[in-house]
Amino acid sequence: MHISISRPVRKGVAASGDDDMDVDGQAHGAAHVVTPGEVITRDPAFAGGLGTIPTLDRSVDPTIIASVTGIVDRVNKFIRVQQLRARYHGEVGDVIVGRVSELGPKRWKIDFGGQLDGVLTLDSISLPGGVQRRKSESDELHMREYFAEGDLICAEISSRYRDGAAQLNMRGKSFGKLRNGNLVTVPSSLVKRSKSHFTTLSCGVDAVLGMNGWIWVRKHETMAEDQSIQQETNFNGQNDPLTEREREDIARVSNCIQALGQANNLINDSMISYTYEAALEYPLKELIRDEVREQIVVIARSELASAMQQ
Amino acid sequence: MSRFDIVSPEGLRVDGRRPPELRRLSCRTGVFAQADGSAYIEQGNTKCLVAVYGPREPSKRLLTEKGPTINVEYNVASFSSGERKTKMRKDRRLMEIASVIKQTFEPIICYGQNVASRSEIDVNIQILQLDGGALHAAINATTLAMIDAGVPMRDFVCACSAGWYKDTALLDLNHLEESADVPTLTVGLLPKSGKVTLLSLESRLHLDKFQSVLELASQGCERMRDELDSTIRKATQELAKTAL
(Lines give C-alpha, C1' and ligand atoms only; values in the text may rest on other atoms or scores of the structure.)
Protein backbone atom coordinates (compact mmCIF):
# COMPACT_ATOMS: atom_id res chain seq x y z
CA MET A 1 0.00 0.00 0.00
CA HIS A 2 1.26 3.43 -0.89
CA ILE A 3 1.24 5.82 2.02
CA SER A 4 1.74 9.48 1.30
CA ILE A 5 2.73 12.00 3.89
CA SER A 6 0.82 15.24 3.75
CA ARG A 7 3.20 18.12 4.08
CA PRO A 8 2.94 21.83 3.36
CA VAL A 9 3.19 22.57 -0.35
CA ARG A 10 4.54 25.94 -1.35
CA LYS A 11 3.13 27.16 -4.62
CA GLY A 12 2.61 30.45 -6.38
CA VAL A 13 -1.00 31.55 -6.59
CA ALA A 14 -2.70 31.94 -9.94
CA ALA A 15 -3.26 35.44 -11.30
CA SER A 16 -5.66 37.77 -9.55
CA GLY A 17 -9.38 37.54 -10.19
CA ASP A 18 -8.95 33.94 -11.24
CA ASP A 19 -11.40 31.94 -9.19
CA ASP A 20 -9.94 28.68 -10.36
CA MET A 21 -6.92 28.27 -8.18
CA ASP A 22 -4.35 26.38 -10.17
CA VAL A 23 -2.25 24.47 -7.69
CA ASP A 24 0.61 23.76 -10.02
CA GLY A 25 0.49 27.00 -11.95
CA GLN A 26 3.11 29.69 -11.62
CA ALA A 27 5.51 27.48 -9.75
CA HIS A 28 8.19 28.46 -12.22
CA GLY A 29 8.80 31.64 -14.14
CA ALA A 30 8.31 35.21 -12.98
CA ALA A 31 7.29 35.74 -9.38
CA HIS A 32 3.66 36.68 -8.82
CA VAL A 33 3.86 40.24 -7.55
CA VAL A 34 0.90 41.93 -5.93
CA THR A 35 0.47 45.57 -4.93
CA PRO A 36 -1.71 47.10 -2.16
CA GLY A 37 -5.42 46.84 -2.90
CA GLU A 38 -5.02 44.00 -5.37
CA VAL A 39 -7.39 41.06 -5.10
CA ILE A 40 -5.46 37.83 -4.60
CA THR A 41 -8.38 35.45 -4.65
CA ARG A 42 -12.14 35.36 -4.16
CA ASP A 43 -12.21 31.71 -3.25
CA PRO A 44 -13.65 31.24 0.27
CA ALA A 45 -11.53 28.12 0.76
CA PHE A 46 -8.42 30.22 1.40
CA ALA A 47 -7.28 32.06 4.48
CA GLY A 48 -5.26 35.26 4.40
CA GLY A 49 -2.29 35.92 6.65
CA LEU A 50 0.38 38.57 6.92
CA GLY A 51 0.34 41.13 4.14
CA THR A 52 -3.39 40.85 3.47
CA ILE A 53 -6.15 43.14 4.65
CA PRO A 54 -7.83 41.56 7.67
CA THR A 55 -11.55 41.03 7.11
CA LEU A 56 -14.07 40.75 9.89
CA ASP A 57 -16.34 38.14 8.43
CA ARG A 58 -15.04 35.93 5.68
CA SER A 59 -18.43 34.32 5.12
CA VAL A 60 -19.82 37.65 3.93
CA ASP A 61 -16.91 38.70 1.78
CA PRO A 62 -14.34 36.00 1.08
CA THR A 63 -12.07 38.25 -0.96
CA ILE A 64 -8.43 38.26 0.04
CA ILE A 65 -6.80 41.59 -0.73
CA ALA A 66 -3.10 42.39 -0.51
CA SER A 67 -2.09 45.27 1.73
CA VAL A 68 1.60 45.35 0.85
CA THR A 69 3.73 44.87 -2.20
CA GLY A 70 5.41 41.51 -2.41
CA ILE A 71 5.24 37.99 -3.65
CA VAL A 72 2.30 35.75 -2.96
CA ASP A 73 3.38 32.86 -0.78
CA ARG A 74 1.02 30.02 -0.28
CA VAL A 75 1.16 27.06 2.05
CA ASN A 76 -1.77 24.77 1.28
CA LYS A 77 -4.83 26.97 1.87
CA PHE A 78 -3.01 29.73 3.67
CA ILE A 79 -2.01 32.82 1.72
CA ARG A 80 0.37 35.54 2.74
CA VAL A 81 2.31 38.23 0.93
CA GLN A 82 6.04 38.02 1.38
CA GLN A 83 7.62 41.47 1.39
CA LEU A 84 10.99 42.05 -0.18
CA ARG A 85 11.69 45.36 1.51
CA ALA A 86 10.20 46.30 4.82
CA ARG A 87 11.18 46.86 8.38
CA TYR A 88 11.81 43.63 10.17
CA HIS A 89 8.70 41.86 11.39
CA GLY A 90 10.01 39.67 14.19
CA GLU A 91 8.73 36.18 14.62
CA VAL A 92 8.94 34.01 17.69
CA GLY A 93 12.14 31.98 17.75
CA ASP A 94 14.18 34.36 15.65
CA VAL A 95 17.75 35.12 16.67
CA ILE A 96 18.32 38.85 16.56
CA VAL A 97 21.22 41.23 17.03
CA GLY A 98 20.24 44.50 18.67
CA ARG A 99 21.38 47.50 20.60
CA VAL A 100 20.31 48.50 24.10
CA SER A 101 18.42 51.77 23.73
CA GLU A 102 16.94 52.32 27.16
CA LEU A 103 16.88 50.93 30.68
CA GLY A 104 13.55 50.66 32.40
CA PRO A 105 12.20 49.10 35.56
CA LYS A 106 13.48 45.51 35.47
CA ARG A 107 13.86 45.65 31.70
CA TRP A 108 16.06 46.71 28.85
CA LYS A 109 14.67 48.18 25.66
CA ILE A 110 16.43 46.70 22.66
CA ASP A 111 16.45 48.43 19.29
CA PHE A 112 16.82 45.85 16.54
CA GLY A 113 15.42 47.70 13.55
CA GLY A 114 11.90 46.39 14.04
CA GLN A 115 8.67 48.31 14.29
CA LEU A 116 8.92 48.63 18.05
CA ASP A 117 11.81 48.14 20.44
CA GLY A 118 12.07 44.69 21.94
CA VAL A 119 11.80 44.16 25.66
CA LEU A 120 14.36 42.12 27.56
CA THR A 121 13.28 41.63 31.13
CA LEU A 122 15.67 40.99 33.96
CA ASP A 123 13.94 37.67 34.55
CA SER A 124 14.70 36.41 31.06
CA ILE A 125 18.48 36.48 31.32
CA SER A 126 20.75 34.05 33.13
CA LEU A 127 23.06 35.96 35.40
CA PRO A 128 26.84 35.77 35.04
CA GLY A 129 28.04 32.48 36.32
CA GLY A 130 24.91 30.75 35.14
CA VAL A 131 23.04 31.19 38.38
CA GLN A 132 19.35 30.46 38.15
CA ARG A 133 17.44 32.27 40.84
CA ARG A 134 14.78 34.86 41.40
CA LYS A 135 16.12 38.29 40.61
CA SER A 136 16.27 40.50 43.66
CA GLU A 137 16.30 44.23 44.13
CA SER A 138 20.08 44.29 44.21
CA ASP A 139 20.14 42.67 40.79
CA GLU A 140 17.94 45.50 39.58
CA LEU A 141 20.49 47.99 40.84
CA HIS A 142 23.23 46.23 38.92
CA MET A 143 21.39 46.17 35.61
CA ARG A 144 23.58 48.76 33.96
CA GLU A 145 26.65 46.66 34.80
CA TYR A 146 25.22 43.81 32.76
CA PHE A 147 24.02 45.81 29.77
CA ALA A 148 24.27 49.56 29.39
CA GLU A 149 22.82 51.84 26.72
CA GLY A 150 24.56 51.35 23.37
CA ASP A 151 25.74 47.80 24.04
CA LEU A 152 25.25 45.36 21.20
CA ILE A 153 23.61 42.16 22.24
CA CYS A 154 22.32 39.00 20.71
CA ALA A 155 19.05 37.48 21.88
CA GLU A 156 16.06 35.43 20.82
CA ILE A 157 12.45 36.48 20.39
CA SER A 158 10.44 34.45 22.85
CA SER A 159 6.97 35.93 22.47
CA ARG A 160 5.03 39.00 21.57
CA TYR A 161 3.17 41.48 23.67
CA ARG A 162 -0.31 42.53 22.69
CA ASP A 163 0.88 45.84 21.29
CA GLY A 164 3.18 43.99 18.90
CA ALA A 165 6.46 44.52 20.74
CA ALA A 166 8.76 41.52 20.91
CA GLN A 167 9.75 39.95 24.18
CA LEU A 168 13.33 38.76 24.13
CA ASN A 169 15.24 36.24 26.15
CA MET A 170 18.86 35.35 26.58
CA ARG A 171 18.76 31.85 27.91
CA GLY A 172 21.47 29.86 26.26
CA LYS A 173 25.20 30.01 26.14
CA SER A 174 25.42 31.64 22.73
CA PHE A 175 23.40 34.72 23.65
CA GLY A 176 24.81 37.76 25.37
CA LYS A 177 26.91 40.80 24.75
CA LEU A 178 28.79 40.92 21.46
CA ARG A 179 32.49 41.72 21.19
CA ASN A 180 35.64 41.19 19.13
CA GLY A 181 34.12 42.22 15.84
CA ASN A 182 31.92 44.60 13.94
CA LEU A 183 28.34 45.03 12.84
CA VAL A 184 27.06 44.88 9.26
CA THR A 185 23.45 45.67 8.43
CA VAL A 186 21.63 44.33 5.39
CA PRO A 187 17.93 44.22 4.46
CA SER A 188 16.28 41.74 6.81
CA SER A 189 14.54 39.89 3.99
CA LEU A 190 17.92 38.60 2.78
CA VAL A 191 18.63 36.59 5.92
CA LYS A 192 16.69 33.35 5.85
CA ARG A 193 15.91 31.13 8.78
CA SER A 194 18.40 28.29 9.12
CA LYS A 195 19.47 25.58 11.51
CA SER A 196 22.00 27.76 13.25
CA HIS A 197 22.46 31.49 13.11
CA PHE A 198 25.80 31.23 14.89
CA THR A 199 28.18 30.11 12.21
CA THR A 200 31.88 29.61 11.96
CA LEU A 201 32.91 30.37 8.41
CA SER A 202 35.54 28.33 6.62
CA CYS A 203 37.92 31.29 6.86
CA GLY A 204 37.98 31.07 10.63
CA VAL A 205 35.69 33.97 11.39
CA ASP A 206 32.44 33.72 13.33
CA ALA A 207 29.24 35.39 12.21
CA VAL A 208 25.99 35.88 14.08
CA LEU A 209 23.33 36.15 11.42
CA GLY A 210 20.53 38.11 13.05
CA MET A 211 17.17 37.55 11.41
CA ASN A 212 16.65 41.31 11.59
CA GLY A 213 19.42 41.81 9.06
CA TRP A 214 22.01 42.87 11.58
CA ILE A 215 25.05 40.65 11.29
CA TRP A 216 27.87 40.52 13.80
CA VAL A 217 31.22 39.40 12.40
CA ARG A 218 33.76 38.45 15.03
CA LYS A 219 36.93 36.59 15.80
CA HIS A 220 36.46 32.87 16.16
CA GLU A 221 35.58 32.02 19.70
CA THR A 222 35.82 28.59 21.23
CA MET A 223 32.91 27.89 23.48
CA ALA A 224 33.92 27.06 27.02
CA GLU A 225 33.09 23.53 28.07
CA ASP A 226 31.73 24.75 31.34
CA GLN A 227 28.50 26.63 30.79
CA SER A 228 29.02 28.91 33.79
CA ILE A 229 32.38 30.11 32.47
CA GLN A 230 30.86 30.71 29.04
CA GLN A 231 28.09 32.71 30.58
CA GLU A 232 30.63 34.80 32.43
CA THR A 233 32.27 35.79 29.13
CA ASN A 234 28.86 36.55 27.61
CA PHE A 235 28.57 39.53 29.92
CA ASN A 236 32.04 40.73 29.19
CA GLY A 237 32.18 43.54 26.66
CA GLN A 238 35.97 43.91 26.74
CA ASN A 239 37.61 43.17 23.42
CA ASP A 240 40.50 40.74 23.26
CA PRO A 241 43.60 41.96 21.50
CA LEU A 242 43.23 41.05 17.82
CA THR A 243 46.08 40.28 15.48
CA GLU A 244 46.35 42.08 12.17
CA ARG A 245 45.40 38.89 10.34
CA GLU A 246 42.23 38.54 12.38
CA ARG A 247 41.29 42.16 11.77
CA GLU A 248 41.80 41.72 8.05
CA ASP A 249 39.66 38.60 7.93
CA ILE A 250 36.86 40.28 9.84
CA ALA A 251 37.01 43.31 7.56
CA ARG A 252 37.01 41.13 4.46
CA VAL A 253 34.02 39.10 5.59
CA SER A 254 32.16 42.29 6.57
CA ASN A 255 32.75 43.75 3.14
CA CYS A 256 31.60 40.52 1.50
CA ILE A 257 28.34 40.65 3.48
CA GLN A 258 27.85 44.26 2.50
CA ALA A 259 28.49 43.36 -1.13
CA LEU A 260 25.84 40.63 -0.92
CA GLY A 261 23.44 43.09 0.68
CA GLN A 262 24.02 45.66 -2.05
CA ALA A 263 23.47 43.05 -4.73
CA ASN A 264 20.28 42.03 -2.94
CA ASN A 265 21.50 38.48 -2.66
CA LEU A 266 20.46 35.87 -0.14
CA ILE A 267 22.84 35.68 2.80
CA ASN A 268 23.81 32.44 4.49
CA ASP A 269 27.06 30.89 5.63
CA SER A 270 27.89 29.15 2.34
CA MET A 271 27.14 32.25 0.28
CA ILE A 272 29.41 34.32 2.54
CA SER A 273 32.17 31.73 2.19
CA TYR A 274 31.94 31.72 -1.62
CA THR A 275 32.05 35.50 -1.69
CA TYR A 276 35.00 35.50 0.68
CA GLU A 277 36.93 33.14 -1.58
CA ALA A 278 36.19 35.34 -4.57
CA ALA A 279 37.28 38.39 -2.58
CA LEU A 280 40.70 36.87 -1.83
CA GLU A 281 41.68 37.85 -5.38
CA TYR A 282 41.60 41.49 -4.39
CA PRO A 283 43.54 43.48 -1.83
CA LEU A 284 41.32 44.34 1.12
CA LYS A 285 41.01 48.04 0.41
CA GLU A 286 39.67 47.34 -3.10
CA LEU A 287 36.57 45.77 -1.57
CA ILE A 288 34.94 49.12 -0.86
CA ARG A 289 34.66 49.76 -4.59
CA ASP A 290 31.22 49.01 -6.04
CA GLU A 291 32.49 47.35 -9.21
CA VAL A 292 34.69 44.97 -7.21
CA ARG A 293 31.78 44.16 -4.94
CA GLU A 294 29.54 43.39 -7.92
CA GLN A 295 32.28 41.23 -9.41
CA ILE A 296 32.80 39.05 -6.34
CA VAL A 297 29.07 38.48 -5.94
CA VAL A 298 28.79 37.37 -9.57
CA ILE A 299 31.65 34.90 -9.06
CA ALA A 300 30.14 33.65 -5.81
CA ARG A 301 26.75 33.12 -7.47
CA SER A 302 28.23 31.01 -10.24
CA GLU A 303 30.25 29.03 -7.68
CA LEU A 304 27.08 28.33 -5.74
CA ALA A 305 25.23 27.33 -8.91
CA SER A 306 27.93 24.86 -9.90
CA ALA A 307 28.06 23.45 -6.38
CA MET A 308 24.28 22.94 -6.48
CA GLN A 309 24.57 20.97 -9.71
CA GLN A 310 27.02 18.48 -8.29
CA MET B 1 -7.96 90.19 -22.88
CA SER B 2 -5.19 88.83 -20.77
CA ARG B 3 -1.59 88.48 -21.90
CA PHE B 4 -2.15 84.89 -22.89
CA ASP B 5 -5.05 82.56 -23.24
CA ILE B 6 -5.43 79.72 -20.79
CA VAL B 7 -6.92 77.72 -23.64
CA SER B 8 -6.13 78.95 -27.12
CA PRO B 9 -8.79 79.03 -29.86
CA GLU B 10 -7.19 75.86 -31.23
CA GLY B 11 -7.92 74.13 -27.93
CA LEU B 12 -4.35 74.06 -26.63
CA ARG B 13 -3.18 75.16 -23.21
CA VAL B 14 -0.17 77.34 -22.41
CA ASP B 15 2.21 74.39 -22.28
CA GLY B 16 0.79 72.84 -25.44
CA ARG B 17 -1.40 70.20 -23.80
CA ARG B 18 -5.04 69.50 -24.58
CA PRO B 19 -7.43 70.12 -21.64
CA PRO B 20 -7.78 66.48 -20.48
CA GLU B 21 -4.06 65.66 -20.63
CA LEU B 22 -1.66 64.93 -17.79
CA ARG B 23 1.85 66.26 -17.76
CA ARG B 24 4.83 64.02 -18.38
CA LEU B 25 5.29 61.72 -15.41
CA SER B 26 8.35 59.88 -14.24
CA CYS B 27 8.88 58.26 -10.89
CA ARG B 28 11.12 55.85 -9.08
CA THR B 29 11.43 54.30 -5.64
CA GLY B 30 14.33 53.37 -3.42
CA VAL B 31 16.20 56.62 -3.83
CA PHE B 32 17.77 56.62 -0.37
CA ALA B 33 19.55 53.70 1.21
CA GLN B 34 19.11 54.85 4.80
CA ALA B 35 15.38 55.55 4.73
CA ASP B 36 12.94 52.64 5.00
CA GLY B 37 11.19 53.85 1.89
CA SER B 38 11.73 56.70 -0.53
CA ALA B 39 10.43 57.95 -3.84
CA TYR B 40 11.12 60.63 -6.39
CA ILE B 41 8.48 61.93 -8.74
CA GLU B 42 8.43 64.40 -11.61
CA GLN B 43 5.11 65.65 -12.90
CA GLY B 44 5.94 68.07 -15.63
CA ASN B 45 8.30 70.54 -14.03
CA THR B 46 7.17 69.80 -10.50
CA LYS B 47 9.72 67.63 -8.73
CA CYS B 48 9.24 66.03 -5.38
CA LEU B 49 11.33 63.81 -3.11
CA VAL B 50 9.89 61.82 -0.22
CA ALA B 51 11.55 59.73 2.49
CA VAL B 52 9.60 57.53 4.87
CA TYR B 53 11.02 56.23 8.15
CA GLY B 54 9.19 53.60 10.08
CA PRO B 55 6.94 52.17 11.38
CA ARG B 56 9.30 52.52 14.31
CA GLU B 57 9.40 53.05 18.06
CA PRO B 58 7.74 56.40 18.82
CA SER B 59 10.03 59.13 20.08
CA LYS B 60 7.37 60.46 22.43
CA ARG B 61 4.98 58.33 24.36
CA LEU B 62 1.59 59.09 22.91
CA LEU B 63 -1.55 57.25 23.79
CA THR B 64 -3.25 56.44 20.53
CA GLU B 65 -5.53 53.56 19.81
CA LYS B 66 -6.25 54.74 16.31
CA GLY B 67 -3.27 53.24 14.58
CA PRO B 68 0.26 54.44 14.08
CA THR B 69 1.12 58.12 14.41
CA ILE B 70 2.12 59.74 11.14
CA ASN B 71 4.39 62.76 11.29
CA VAL B 72 4.55 64.68 8.05
CA GLU B 73 7.16 67.29 7.36
CA TYR B 74 6.48 69.23 4.19
CA ASN B 75 9.13 71.54 2.82
CA VAL B 76 9.43 73.65 -0.26
CA ALA B 77 12.98 74.41 -1.31
CA SER B 78 13.72 78.13 -1.45
CA PHE B 79 15.03 77.75 -5.00
CA SER B 80 11.98 75.82 -6.20
CA SER B 81 9.88 78.60 -7.70
CA GLY B 82 10.54 81.66 -9.84
CA GLU B 83 11.05 83.98 -6.94
CA ARG B 84 13.58 83.02 -4.33
CA LYS B 85 11.96 82.91 -0.91
CA THR B 86 13.61 83.01 2.45
CA LYS B 87 12.17 80.23 4.51
CA MET B 88 10.26 81.06 7.63
CA ARG B 89 10.64 78.90 10.67
CA LYS B 90 6.98 78.09 11.02
CA ASP B 91 5.17 78.65 7.81
CA ARG B 92 1.44 78.25 8.41
CA ARG B 93 0.84 77.32 4.79
CA LEU B 94 3.36 74.49 4.83
CA MET B 95 2.05 73.18 8.12
CA GLU B 96 -1.47 73.14 6.74
CA ILE B 97 -0.43 71.14 3.69
CA ALA B 98 1.49 68.74 5.95
CA SER B 99 -1.61 68.14 8.04
CA VAL B 100 -3.72 67.62 4.91
CA ILE B 101 -1.31 64.92 3.76
CA LYS B 102 -1.29 63.34 7.21
CA GLN B 103 -5.09 63.18 7.24
CA THR B 104 -5.12 61.71 3.76
CA PHE B 105 -2.97 58.76 4.76
CA GLU B 106 -4.20 58.09 8.29
CA PRO B 107 -7.39 56.18 7.42
CA ILE B 108 -5.85 53.88 4.84
CA ILE B 109 -3.03 52.33 6.83
CA CYS B 110 -3.93 48.82 7.97
CA TYR B 111 -2.62 48.36 11.46
CA GLY B 112 -3.06 45.57 13.91
CA GLN B 113 -1.74 42.40 12.39
CA ASN B 114 1.12 43.88 10.40
CA VAL B 115 1.82 47.21 12.00
CA ALA B 116 1.88 47.92 15.70
CA SER B 117 -0.63 50.65 16.45
CA ARG B 118 1.77 52.21 18.95
CA SER B 119 4.41 52.83 16.27
CA GLU B 120 5.30 56.00 14.46
CA ILE B 121 5.82 56.76 10.78
CA ASP B 122 7.85 59.81 9.77
CA VAL B 123 7.32 61.24 6.31
CA ASN B 124 9.67 63.88 4.96
CA ILE B 125 8.53 65.64 1.81
CA GLN B 126 10.72 68.01 -0.12
CA ILE B 127 9.50 69.92 -3.15
CA LEU B 128 12.55 70.57 -5.29
CA GLN B 129 10.89 72.37 -8.15
CA LEU B 130 7.47 73.95 -8.13
CA ASP B 131 5.35 74.32 -11.21
CA GLY B 132 1.86 73.87 -9.87
CA GLY B 133 0.27 70.78 -8.40
CA ALA B 134 2.70 70.49 -5.50
CA LEU B 135 0.07 68.89 -3.28
CA HIS B 136 -0.85 66.09 -5.63
CA ALA B 137 2.76 65.42 -6.60
CA ALA B 138 3.58 65.18 -2.89
CA ILE B 139 0.71 62.76 -2.24
CA ASN B 140 1.63 60.53 -5.18
CA ALA B 141 5.26 60.46 -4.10
CA THR B 142 4.26 59.70 -0.50
CA THR B 143 2.15 56.77 -1.70
CA LEU B 144 5.14 55.35 -3.54
CA ALA B 145 7.45 55.89 -0.59
CA MET B 146 4.98 54.32 1.85
CA ILE B 147 4.66 51.24 -0.33
CA ASP B 148 8.43 51.12 -0.73
CA ALA B 149 8.75 51.20 3.07
CA GLY B 150 6.37 48.24 3.25
CA VAL B 151 3.66 50.03 5.22
CA PRO B 152 0.44 48.02 4.77
CA MET B 153 -2.25 50.08 3.07
CA ARG B 154 -5.80 49.36 1.93
CA ASP B 155 -5.12 50.85 -1.46
CA PHE B 156 -2.99 53.32 -3.33
CA VAL B 157 -3.77 56.98 -2.74
CA CYS B 158 -3.63 58.72 -6.08
CA ALA B 159 -4.04 62.45 -6.36
CA CYS B 160 -4.65 64.75 -9.27
CA SER B 161 -5.89 68.28 -9.80
CA ALA B 162 -8.37 69.72 -12.24
CA GLY B 163 -9.76 73.18 -12.90
CA TRP B 164 -12.42 74.95 -14.90
CA TYR B 165 -11.83 77.61 -17.49
CA LYS B 166 -14.65 79.07 -19.59
CA ASP B 167 -16.37 75.94 -20.86
CA THR B 168 -13.72 73.30 -20.40
CA ALA B 169 -12.36 71.27 -17.53
CA LEU B 170 -8.56 71.28 -17.41
CA LEU B 171 -6.53 68.41 -15.96
CA ASP B 172 -3.30 68.68 -13.93
CA LEU B 173 -2.82 72.45 -13.83
CA ASN B 174 0.61 74.01 -14.01
CA HIS B 175 1.80 77.11 -12.21
CA LEU B 176 0.67 79.59 -14.88
CA GLU B 177 -2.82 78.17 -14.92
CA GLU B 178 -3.07 77.95 -11.14
CA SER B 179 -2.04 81.56 -10.72
CA ALA B 180 -4.41 82.80 -13.44
CA ASP B 181 -7.59 82.55 -11.44
CA VAL B 182 -8.48 79.04 -12.55
CA PRO B 183 -10.26 77.34 -9.66
CA THR B 184 -8.19 74.26 -8.77
CA LEU B 185 -9.68 71.14 -7.26
CA THR B 186 -7.25 68.57 -5.89
CA VAL B 187 -8.66 65.08 -5.48
CA GLY B 188 -7.12 62.18 -3.58
CA LEU B 189 -8.71 58.92 -4.63
CA LEU B 190 -8.55 55.28 -3.59
CA PRO B 191 -8.92 53.86 -7.10
CA LYS B 192 -9.98 50.32 -6.17
CA SER B 193 -12.93 51.34 -4.04
CA GLY B 194 -13.53 54.72 -5.66
CA LYS B 195 -13.45 56.42 -2.28
CA VAL B 196 -12.27 60.00 -2.04
CA THR B 197 -9.87 60.70 0.82
CA LEU B 198 -9.00 64.25 -0.10
CA LEU B 199 -10.90 67.05 -1.74
CA SER B 200 -9.39 70.49 -1.64
CA LEU B 201 -10.63 73.60 -3.40
CA GLU B 202 -9.30 76.98 -2.42
CA SER B 203 -11.27 79.24 -4.70
CA ARG B 204 -14.88 79.26 -5.79
CA LEU B 205 -16.29 76.98 -8.43
CA HIS B 206 -19.87 76.93 -9.62
CA LEU B 207 -21.77 73.94 -8.38
CA ASP B 208 -22.92 73.02 -11.90
CA LYS B 209 -19.32 72.66 -13.02
CA PHE B 210 -18.19 70.78 -9.96
CA GLN B 211 -19.32 67.35 -11.15
CA SER B 212 -17.41 67.47 -14.40
CA VAL B 213 -14.25 68.83 -12.76
CA LEU B 214 -14.39 66.11 -10.12
CA GLU B 215 -14.91 63.46 -12.75
CA LEU B 216 -11.97 64.62 -14.81
CA ALA B 217 -9.71 64.75 -11.75
CA SER B 218 -10.83 61.25 -10.75
CA GLN B 219 -10.00 59.95 -14.21
CA GLY B 220 -6.59 61.56 -13.83
CA CYS B 221 -6.19 59.72 -10.53
CA GLU B 222 -7.07 56.39 -12.16
CA ARG B 223 -4.47 56.98 -14.81
CA MET B 224 -1.97 57.91 -12.13
CA ARG B 225 -2.59 54.64 -10.34
CA ASP B 226 -1.57 52.63 -13.39
CA GLU B 227 1.68 54.54 -13.57
CA LEU B 228 2.47 54.21 -9.86
CA ASP B 229 1.50 50.57 -9.91
CA SER B 230 3.79 49.73 -12.80
CA THR B 231 6.66 51.59 -11.10
CA ILE B 232 6.22 49.53 -7.95
CA ARG B 233 5.83 46.29 -9.87
CA LYS B 234 8.97 46.88 -11.87
CA ALA B 235 11.00 47.64 -8.76
CA THR B 236 9.68 44.55 -6.98
CA GLN B 237 10.31 42.24 -9.92
CA GLU B 238 13.86 43.55 -9.98
CA LEU B 239 14.32 42.69 -6.30
CA ALA B 240 12.65 39.30 -6.71
CA LYS B 241 15.12 38.27 -9.38
CA THR B 242 18.00 37.95 -6.96
CA ALA B 243 16.47 37.70 -3.51
CA LEU B 244 14.64 34.41 -3.93
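Modeller: Let's start with a term: a crossing of two helices is right-handed if the near helix is turned clockwise from the far one by less than a right angle, and left-handed if it is turned anticlockwise. Keep in mind that this model is predicted.

The part I'd pick is helix α5 of chain A, residues 269-279. Eight of its 11 residues are buried, so the rest of the structure largely encloses this helix. The buried ones are Met271(A), Ile272(A), Ser273(A), Tyr274(A), Thr275(A), Tyr276(A), Ala278(A) and Ala279(A). What do they pack against? Their partners in chain A are β16 (205-209), α4 (244-262) and α6 (290-309).

Now zoom in on one of those partners, α4(A). Two packed helices are described by the angle between their axes and the distance between the axes. For α4(A) and α5(A), the angle is about 110° and the axes are 9 Å apart. Since 65 to 115 degrees counts as roughly perpendicular, that is the word for how α4(A) lies to α5(A). And here's where our term comes in: α4(A) passes α5(A) in a right-handed crossing.

Who actually meets whom? From α5(A) come Met271(A), Ile272(A), Thr275(A), Tyr276(A) and Ala279(A). An α-helix has 3.6 residues a turn, so residues three or four places apart point the same way. Across from them, α4(A) brings Arg252(A), Val253(A), Asn255(A), Cys256(A), Ile257(A), Ala259(A) and Leu260(A). Sorted by class, this contact has nine nonpolar, two polar and one charged residues.

Ile257(A) is one of the residues with the most contacts inside the largest nonpolar core, along with Val97(A), Ile215(A), Val50(B) and Ala138(B). That core has 132 residues, and its largest share, 11 residues, comes from α2(B). In soluble globular proteins, nonpolar side chains tend to be buried together.

Ile215(A) ties a few of these names together: among the residues it touches are Val97(A), Ile257(A), Ala207(A), Val208(A) and Leu209(A), leaving aside residues up to four places away in sequence. The core list also names residues of both chains, and those chains do meet: each gives 32 residues to the contact between them. On chain A's side, that's 16 nonpolar, 11 polar and five charged residues.

How values were computed. Residues numbered from 1 in each chain as written. Chains lettered and ligands numbered in written order. Predicted model: local features only at pLDDT ≥ 70, side-chain atom pairs only at ≥ 80, totals over all residues. Core = buried A, V, L, I, M, F, W, Y, C linked by C-beta atoms within 7 Å. Buried ≥ 20, exposed ≤ 12 C-beta atoms within 10 Å, placed from the backbone. Helix = DSSP H or I, 4+ residues; strand = E, 2+ residues; numbered from the N terminus. Contact = placed C-beta atoms within 7 Å. Nonpolar A, V, L, I, M, F, W, Y, C, P; charged D, E, K, R; others polar. Axes fitted to C-alpha atoms, helices over the stretch in contact; angles between N-to-C directions. Parallel < 35°, antiparallel > 145°, perpendicular 65-115°, else oblique.
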